[in-house]
Amino acid sequence: MNEILALNERTISQIAAGEIVENPASIIKELVENAIDARAKNISIRLSKNILDEIRVADDGEGIPSEQVARAFSRHATSKLRTISDLGQLTSLGFRGEALASIANISYMTCITKTDDEDFAYKYDIEGPQISKGVPIGAPKGTTMIVRDIFYNTPVRKRFLSAASKEIREITRVVEVLALSRQDISIHLIWDRKTLLQSHASENTRNHIYSILGKDIAKNLIPIEFDTESYQIEGYVSNNLVYRSSPEREYLFINGRGVKSDAISAAVRKPYRSLIPLNHYPVFVLYIDIDPLLIDVNIHPQKQTVRLSNNNQITVLLERLVASALSPRREIPTVERFEPKKAAREEMMPSKTIFQLSREREERRGADRNESDESKVGKEIKSDHVYEEETSYGCETSPEQGDVEEEERRSDPASMKKPPLDVELYNYLGIVFRTYILFENKRDGRLLVVDQHAAHERVLYEKYSRDIENRSVATQLLLTPIQIHLSVDEMQMVEEHLDEYRILGFEPEPFGEDTVVIREVPEHILIADFRQFFLDSIKYLDRGVDVKEQNIYKIMRLACRSAIKGGDKLSEIEAYDLLKQLNEADTPFTCPHGRPTMVHLEKRTFEKLFLREGA
């Protein structure tokens with residue numbers, strides 16, 4: 001056996017540094033969090049072209065008293081707590097007392113800091129545990145941390161860094177989270193003299209979000225709010241027109257700290273099922289203030305994860321809040337103009353054509369008219385709103401009527417079910433490509449295009465959903481009952497969920513100790529292999545997803561298989577009847593998979609195509 005030796009302090013420090021400093025983004029995160037805790041209102045982050053050459057973070061916070069600088073760079077030194085019991089009431093961001101020491105162990109650092117009480121700023125050079133004597137220099141109040149030659153003494157870590165473009169994306173993501181966490185702080189991120197992000201302090205949360213995430217997201221956010229003695233919830237969730245192919249635009253803050261929580265994210269996503277495409281994610285920015293005693297903040301080296309003792313209650317509440325917020329905010333997309341150059345961006349609609357909201361007004365005239373969205377990012381937003389709030393969700397009301405009618409809808413829950421279209425205004429024109437049904441609006445000249453397959457999917461999906469909810473799924477007897485042999489565990493799971501299977505329209509009967517017999521199946525549902533369908537459901541039960549939770553995905557698939565297909569020939573009467581059924585659906589704007597069922601084409605779209613606009 002090899003001799004057991006105590007590690008020297010240098011090795012211990014480098015191991016600790018490895019836990020804290022994974023990449024340049026983690027350095028920035030720690031330094032900016034320290035600046036925020038120092039009550040800074042303006043924070044500047046400057047990166048050299050080669051990120052590892054130099055990172056400079058400057059703030060206008062309280063500064064570090066000269067007699068405490070050496071202590072700040074020692075391990076396990078912090079101003080945030082005194083004893084372990086203080087962790088229970090902790091609300092600051094940095095508290096481990098490891099960050100500065102860890103960064104100093106893998107780089108050369110310079111610290112320039114000044115407090116209100118000192119006549120001069122002092123400059124310190126730090127290399128590992130060695131700190132130079134402070135040199136008086138002229139500098140404003142606050143602290144500037146300069147980190148050079150990152151990972152110079154840990155070449156293995158340097159080799160495992162990602163490509164420069166990926167590191168920049170990670171840094172931008174980290175700064176986005178930090179900027180969103182505090183709307184009273186302005187943060188400026190510059191790389192090689194180019195501004196990557198510039199947030200502006202604002203009392204208007206949506207304006208603050210706009211400066212960070214842009215107009216397309218900000219204008220499609222819906223506010224949510226809830227307040228109890230134990231916690232406060234407020235923030236924004238996206239409507240059905242904004243989503244992403246990854247969860248990168250899901251932002252969660254608990255007591256001001258950007259964190260991740262699979263349970264909370266799942267709760268927020270759940271109401272979006274059938275509203276946005278499968279395998280896509282909504283956008284949300286949520287702020288939860290909770291009693292610090294109900295959270296454990298000390299479970300992740302970089303404090304990115306928290307454990308909530310009251311997690312289940314919060315998730316149920318969030319699911320209800322989001323579902324309620326989405327209820328009146330589902331919209332029919334409208335094609336107003338074609339912009340092929342933007343198609344490469346990940347925009348808010350699923351089609352390769354760029355859809356614009358039907359209620360988006362003409363671009364602001366004057367200075368605003370000549371200023372692109374990109375140029376607005378980072379500039380001071382002087383107005384109280386980042387966009388003109390629109391309330392005509394059904395697409396049939398005029399902008400002038402929208403405010404009054406929306407107020408009536410909010411005060412009368414029953415009015416939320418008001419169909420979005422006045423079907424009598426639409427004339428049937430025909431079907432193109434044997435898939436898309438065309439209707440002309442007689443009042444305003446808009447063309448409504450309905451995807452016959454997506455529309456019928458939505459109609460069937462809601463019918464099956466209601467039948468399941470009302471325990472009224474029609475069933476049919478099989479000419480030949482299906483016998484399925486199961487393991488002991490599978491048999492036990494089926495017996496525990498027999499009633500749920502019956503609600504879905506199956507009638508599994510135990511037949512001996514290891515066999516079930518299915519004699520009845522849902523009527524008018526196209527399933528090629530009922531045996532495999534049933535076995536798949538047991539597989540999900542084994543993963544902890546009960547039959548009731550599986551229903552929504554089953555119904556999506558069943559509705560898709562049973563629905564009218566693209567290419568199926570419809571008569572005028574059938575097409576018009578489909579429009580009426582779709583219009584009466586609870587959520588008529590998307591199919592169960594989240595794709596649009598219908599879109600409006602504006603008259604001016606055709607005028608632009610044929611160069612008639614303004615003629």
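Helix 6 (residues 164–181) and helix 7 (residues 205–213) pack at an angle of about 170 degrees, and their axes lie 10 Å apart. Helices here are DSSP runs of H or I with at least four residues, and strands are runs of E with at least two, numbered from the N terminus. Axes are lines fitted to C-alpha atoms, for helices over the stretch in contact, and angles between N-to-C directions run from 0 to 180 degrees. The angle makes helix 6 roughly antiparallel to helix 7, a term used for angles over 145 degrees. On helix 6, E176, A179 and L180 meet H208, I209, I212 and L213 of helix 7; contact means heavy atoms within 4.5 Å.

This is a predicted model, in which local features need pLDDT of at least 70 and side-chain atom pairs count only at pLDDT 80 or more, while totals for chains, interfaces and linings use all residues. Residues are numbered from 1 along each chain as its sequence is written, and side-chain values use heavy atoms, without hydrogens and water.

The largest nonpolar core has 56 residues, of which I43 and I45 touch the most other members. Such a core is a set of buried Ala, Val, Leu, Ile, Met, Phe, Trp, Tyr and Cys residues joined through side-chain atoms within 4.5 Å, where buried means under 20% relative accessible area (1.4 Å probe, protein chains only). Helix 6 supplies the largest share of this core, eight residues.

An open sheet of three strands has the order 22-24-23, with antiparallel pairing. Strands pair if DSSP finds at least two bridges between them. Strand 22 and strand 24 (residues 515–522) are joined by seven bridges.

Conventions: Angles under 35 degrees count as roughly parallel, over 145 as roughly antiparallel, 65 to 115 as roughly perpendicular and the rest as oblique. Buried means under 20% relative accessible area, exposed over 50%, partly exposed in between (1.4 Å probe, protein chains only).
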